[in-house]
Amino acid sequence: MTAQTDTPGSVTTVYKVSGMSCGHCEGAVSGELSQLSGVSSVTAVASTGEVTVVSTAPLDDEAVRAAVDEAGFELAGRA
């Protein structure tokens with residue numbers, strides 16, 4: 001799901017990531033996704049497997065998948 005936020009020029013996208021089980025997992029995924037160009041904030045929640053990314057433009061799904069893979073997890077798609 002992609003939705004415009006209240007901040008003009010930003011896009012919020014919620015992804016499903018499988019395999020996160022703790023705060024360390026959340027930090028690993030957030031850290032990798034934060035390095036993508038245009039990303040301004042990342043919130044990962046292990047209990048739901050949801051990762052909310054706020055960016056200046058829609059992100060390339062393959063770039064997101066590669067970042068999640070680098071963190072050691074699997075991108076299951078968009079929430």
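Select V39 to begin: this residue is buried, with a relative accessible area of 15%. Here, buried means under 20% relative accessible area, exposed means over 50%, and partly exposed is in between, with a 1.4 Å probe and protein chains only. The model is predicted, so local features need pLDDT of at least 70 and side-chain atom pairs count only at pLDDT 80 or more, whereas totals for chains, interfaces and linings use all residues. Residues are numbered from 1 along each chain as its sequence is written, and side-chain values use heavy atoms, with hydrogens and water left out.

**Around V39**

V39 belongs to strand β3 (residues 39–45). Helices (H or I, at least four residues) and strands (E, at least two) are DSSP runs, numbered from the N terminus. Next, display the surroundings of V39: leaving aside neighbours within four places in sequence, V39 is in contact with L33, S34, V53, V54, S55 and L59. Contact means heavy atoms within 4.5 Å.

**On to S55**

From V39, move to its contact S55, which is placed in strand β4 (residues 50–55). S55 is buried, at 1% relative accessibility. Which backbone oxygen does the side chain of S55 reach? It is that of A57, at 2.6 Å. Leaving aside neighbours within four places in sequence, the contacts of S55 are G9, S10, V11, G38, V39 and S40.

How many disulfides does the structure hold? The count is zero, a disulfide being a pair of cysteine sulfur atoms within 2.5 Å. C22 is in no disulfide, and its nearest cysteine sulfur, that of C25, is 3.4 Å away. C25 is likewise in no disulfide, with the sulfur of C22 as its nearest cysteine sulfur. C22 is partly exposed, with a relative accessible area of 33%, whereas C25 counts as buried at 8% relative accessibility.

**Helix α2**

Now select A66 in helix α2 (residues 61–70). Is A66 buried or partly exposed? At 45% relative accessibility, A66 counts as partly exposed.

**The whole chain**

Finally, zoom out and colour by pLDDT, the predictor's confidence in each residue, from 0 to 100. The protein averages a pLDDT of 92, and 91% of the residues score at least 70. Among the elements, helix α1 (residues 23–34) has the highest mean pLDDT (98) and strand β1 (residues 2–4) the lowest (46).

The protein has two helices and five strands, and from the N terminus on the elements run β-β-α-β-β-α-β. The radius of gyration is 11 Å, close to the 12 Å that the globule rule gives for 79 residues, so the protein is as compact as a globular protein of that length. This radius is taken over C-alpha atoms, and the globule rule is 2.2 Å times the number of residues to the power 0.38. Along the principal axes, the C-alpha atoms fill a box of roughly 35 × 20 × 20 Å.

Buried residues make up 37% of the 79 residues. Of the contacts between residues at least 6 apart in sequence, 59% join residues at least 24 apart.

How values were computed:
A polar contact is a pair of N or O atoms within 3.5 Å; within protein, one must be able to donate a hydrogen and the other to accept it, and residues adjacent in sequence count only if both atoms are side-chain atoms.
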